[in-house]
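Please look through the sequence and the model below before reading on. The report that follows takes up a few places in turn.

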Amino acid sequence: MMALAHSAVAAGAEASGGGIDIAAFVQPASAGSCVLNLLVEGVHCGGCVARIERELTRHAGVLAARVNLTTRRLRLEWTGGPERAEAFVRAIESLGFRAMPYDPALLDQSDRASETDLLRAIAVAGFATANIMLLSVAIWAGQFEDMGPATRALLQWFSALVALPAVAYAGRPFFRSAFIGL
């Protein structure tokens, strides 16, 4: 999943370094206009969004320039040819932001894969939690019904056998983020 997200923007990272042509990421839109999707690094407030949108709408032929502050994605639409994309990226970079083109389809595919993985982890955690709680109720009730220590220990070990693989599987996203953070 991370590989898809990385490949969706990897070409864009090369683009701002001059490795590839940004115009290759331009997509045709309705009525002869062009659309370019960019990831903009360094956007952290509404003022940044306003500065970028204001700068881009000053260019002739720009139909729409919308920056999403949460995702730091810019969708730019203009009339004219794809060769104008380089000038727009330079205008964004002149404001102090780094812009990288990306393919929304690849990024959406990566997001869907990540969401599926997280949903699966939550389902495993929920299943394990329900079963461990049922075993815990039996252990608690056994304290009042003369449950022997061997039976109590067996139920506790069985709870551990359910919990350990569930924690290992369902905790993967957390452990992965913690490892990357280190």
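Which backbone oxygen lies 3.2 Å from a polar atom of the side chain of His59? The backbone oxygen in question belongs to Glu55.

## Basis of the report

This is a predicted model, in which local features need pLDDT of at least 70 and side-chain atom pairs count only at pLDDT 80 or more, while totals for chains, interfaces and linings use all residues. Residues are numbered from 1 along each chain as its sequence is written, and side-chain values use heavy atoms, with hydrogens and water left out.

His59 sits in the loop that joins helix H2 (46-57) to strand E3 (62-68); helices (H or I, at least four residues) and strands (E, at least two) are DSSP runs, numbered from the N terminus. His59 counts as partly exposed because its relative accessibility is 23%, where buried means under 20% relative accessible area, exposed over 50%, and partly exposed in between (1.4 Å probe, protein chains only).

Not counting residues up to four places away in sequence, His59 touches Arg84, Phe88 and Ala91, a contact being heavy atoms within 4.5 Å. The C-alpha atom of His59 is also separated by 9.5 Å from that of Ala87, although the two residues are 28 residues apart along the chain.

## Two faces of helix H3

In helix H3 (residues 85-94), the buried residues are Ala85, Phe88, Val89, Ala91 and Ile92. These residues lie on the same side of H3 because they cover an arc of only 155° around the axis, the arc being that of the directions from the helix axis to the C-beta atoms.

The cover over the buried residues of H3 includes H2 and E3, together with strand E2 (33-41), strand E4 (73-79) and strand E5 (98-101). On the face turned away from that buried side, H3 carries the exposed residues Arg90 and Ser94, and the helix is followed by Gly96, whose phi is positive, near 100°.

Val137 is part of helix H4 (residues 104-142), and because its relative accessibility is 45%, Val137 counts as partly exposed. Together with Met133 and Trp140, Val137 makes a nonpolar surface patch of about 320 Å².

Ser159, by comparison, belongs to helix H5 (residues 149-170) and counts as buried because its relative accessibility is 11%. Leaving aside neighbours within four places in sequence, Ser159 is in contact with Ile132 and Leu135.

Key
Polar contact = N/O pair within 3.5 Å; in protein donor to acceptor, adjacent residues only side chain to side chain. Patch = residues over 30% accessible without salt bridge, like charges linked within 9 Å, V, L, I, M, F, W, Y side chains within 5 Å. Areas by Shrake-Rupley, 256 points an atom, 1.4 Å probe, with all protein chains shown as cover. Salt bridge = Lys/Arg side-chain N within 4 Å of Asp/Glu carboxyl O.
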